[in-house]
Amino acid sequence: MTVTIAREGSIAVVTVDNPPVNALSQALRQALVEAVVELDADATVKAVVLICAGRTFIAGADVSEFGKPPRPPHLPDVVAAIEGAKKPWVAAIHGSALGGGLEVALGCAYRVAVSSASLGLPEVKLGIIPGAGGTVRLPRLIGAAAAVDLVTGGSPVGAKRAEGLGLVDVVIDGDLRAGSMAFAEGIAEKSLPQPISSRAVPAAEAGFWESAEKAVAAKAKREIAPLRALASIRKACETDFAEAMAFERETFLALRGSEQAAALRHVFFAERAAPRPPELAGITPRDIRSAAVIGGGTMGAGIAAALRDAGLPVVLIERDATAVERGLANVKAIYDGSVKRGRLTQAVADQRMAGVAGGDDYGLLADTDLVIEAVFEDLAVKRAVFETLSAVCRVDAVLATNTSYLDPGAISDGIAHPERFLGLHFFSPAHVMKLLEIVPTETTAPEVLAASFALARQLAKIPVRAGICDGFIGNRILKVTRAQAERLLLSGATPSAVDAAMRAFGLPMGPFEAQDLGGLDIAAFQRKAARERGETPFAPVAERLCALQRFGQKTGGGWYDYQPGDRAPKPSETVAAIIAEEAADRPQRAWSEAEIADAILLPMVNEATRILAERVALRAADIDLVKIHGYGFPRWRGGPMHYAEARGLADVVAVLDRLAAEGLAEAPSEGLRRAAAAGGFSALER
Ligand code: 3HC
Ligand code: NAI
């Protein structure tokens, strides 16, 4: 039963129970309309409390229905039915009232909420706009400016703030059901408040819409939904209710079928599936209540902060007392930054910092549940660390390496109880970046793997399982990105043209700007290691820049020149001359932005498909999550694999074939041809 009705005196309690999040399925919409009819007809009922079972109030429309034709009763009609009820309905909110859930609450005569509840219209994050009156009723209730913030940003607000905005009438302390019943009794005899739909919208100040449009456009970049949401709110403020509702619905339905909405839905479900991989179903994770980090450099300090932010006590081990001081100072610098940016209060930062104990004595780790190593990227140094850890830590402690490129199997070779070991690859800055690559070795126990997924959830990170290979999933694809970018330089494109094309595609930065920011030396070091393994990495121009000590912004020049104190890249004559020399006997051609993007992205897809075929990634959607959360791939493109599928894999193969014929990319892999023939990557997800 999705809806049950109980009567207590003159108050009816309508309880929605549609696990897991009370999404507004067709059955629930139907049941709500029927509840209105039934309670309107019941003369003993004076007021109605709408409350939800489980962890949350109605969390929105059922996103899984979005790919299908809408079925009646449509949500705007359900909200209208509740708003038109003869008895006052009181929405009693706990958990999240999101999207359609908040729209249902806006149909109610009153809204009450527990203080932990949050309310919002996150539709723009799914590439759509509210479709059941959100953009039309909200400005009538809280004014245009607050409505614009809530709807175009998509972030929810807490109950207290919602009360301040007038979105919630009362914040209930204690039991929600009892509190909302008491509230309902208090209003039962009063006359019904004016429905939101017939309230006037306060006029916006002169110039308000123009400046809102500029601000929203700047933030949304190429995402279309936020500006459409703004247009819908504006319409709601400038026409009557019925016309505004029609405009909103039309926009909602058009966007629902858009490419961006499909991509964002794909990411939504991929993110929710990521923490619970089906292959680990039923496995009980090892408990992690305390943690340690070895190495307090860039990564170690960030990982320590991430662990503290999730509430775990942390021990930070460094080489000697001076290094311990430096490591703790690195963690403190992170918290100082958060306080400066207003993200944390000084008191919270102090409390987080107080939970980090520094030391150079491994004896401190005798009872620690999880140890993450983030020392130099050097096999011998890492092996020595794990030899010590394997002697001092509990046999059931989880031991992890944050290596970027080394083989975790080689790092752990010979340690006692290797089943407790695996790779946990964080991304820099580790307390900010959402991605966590989880890299089991051949011997990692399932409950250790499961513990890592549980840890990711606790750290609010997106976990992706990766197999062992050079660079795992993300950095292996990054190598292709960079090699392709250089190939383009040798065939007629400039660094600025390549960067501009990738920004136009939606990346925050192009590959050359990104290398100048991060430093060219790290990749040079990787290429040296690859050559020692007998590989032949392709980076003729980068090698020459490194030989000139042009490592990027930090040395005043890399792919671009930089003036002291200025981060703006300036095209470099030195670089142009090197490119010209390296390109001397290669055919040159003109490149459009779209061709540049293809020549970089489609080889990335080709490599990603190999990664999938080799089972280094288990699902194409996991690769999308890696690129979105670790490398800034535009979310609204859905990740490289979704992008390739949406574009058509046959086309991807055809373009790659053409590039390969010109010597500008590798030919499509056998796996990619197979996926193209089958119509999707699921053919490779055995
Ligand atoms: N539709 C369908 N399924 C949904 C859903 C939705 N709106 N929201 C969550 N789910 C599913 C998830 O896929 C997941 O399924 P699984 O167990 O099979 O993997 C399950 O519910 C639990 O989700 P979470 O893991 O995210 O649970 P949390 O407790 O961590 O978070 C939440 C709960 C805050 C409600 C979070 O799920 C969330 O933010 N959901 C999205 C809400 C949303 O975007 N609503 C707007 C929808 S669009 C809309 O309403 C249009 C309207 O204007 C017409
Ligand atoms: P870093 O050089 O900033 O820090 C390394 C720290 O380890 C130093 O503070 C050093 O004193 C300490 N250390 C060295 N040997 C030690 C030992 N035996 N015991 C205790 N501490 C020791 O290096 P960074 O950038 O933090 O990298 C650490 C690891 O993380 C490397 O394996 C690297 O490949 C990996 N990584 C780096 C990323 C990055 O963007 N910097 C991203 C993801 C992983």
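Two strands pair if DSSP finds at least two bridges between them, and strands (E, at least two residues) and helices (H or I, at least four) are DSSP runs numbered from the N terminus. This is a predicted model, in which local features need pLDDT of at least 70 and side-chain atom pairs count only at pLDDT 80 or more. Residues are numbered from 1 along each chain as its sequence is written.

Q: How do you know that β10 and β13 pair?
A: Four bridges join β10 (residues 291-294) to β13 (residues 370-373), whereas at least two are needed, so the strands count as paired; they run parallel, and I294 has E373 as its bridge partner in β13.

Q: Why are α26 and α27 called roughly perpendicular?
A: Helix α26 (residues 640-647) and helix α27 (residues 649-661) pack at about 100 degrees, with axes 5 Å apart; angles of 65 to 115 degrees count as roughly perpendicular, under 35 as roughly parallel, over 145 as roughly antiparallel and the rest as oblique, and the two helices are therefore roughly perpendicular to each other.

Q: Why is C393 called buried?
A: Buried means under 20% relative accessible area, exposed over 50% and partly exposed in between (1.4 Å probe, protein chains only); C393 has 6% and is therefore buried, and C469, at 17%, also counts as buried.

Definitions and conventions:
Chains lettered and ligands numbered in written order. Heavy atoms only, no water. Axes fitted to C-alpha atoms, helices over the stretch in contact; angles between N-to-C directions.
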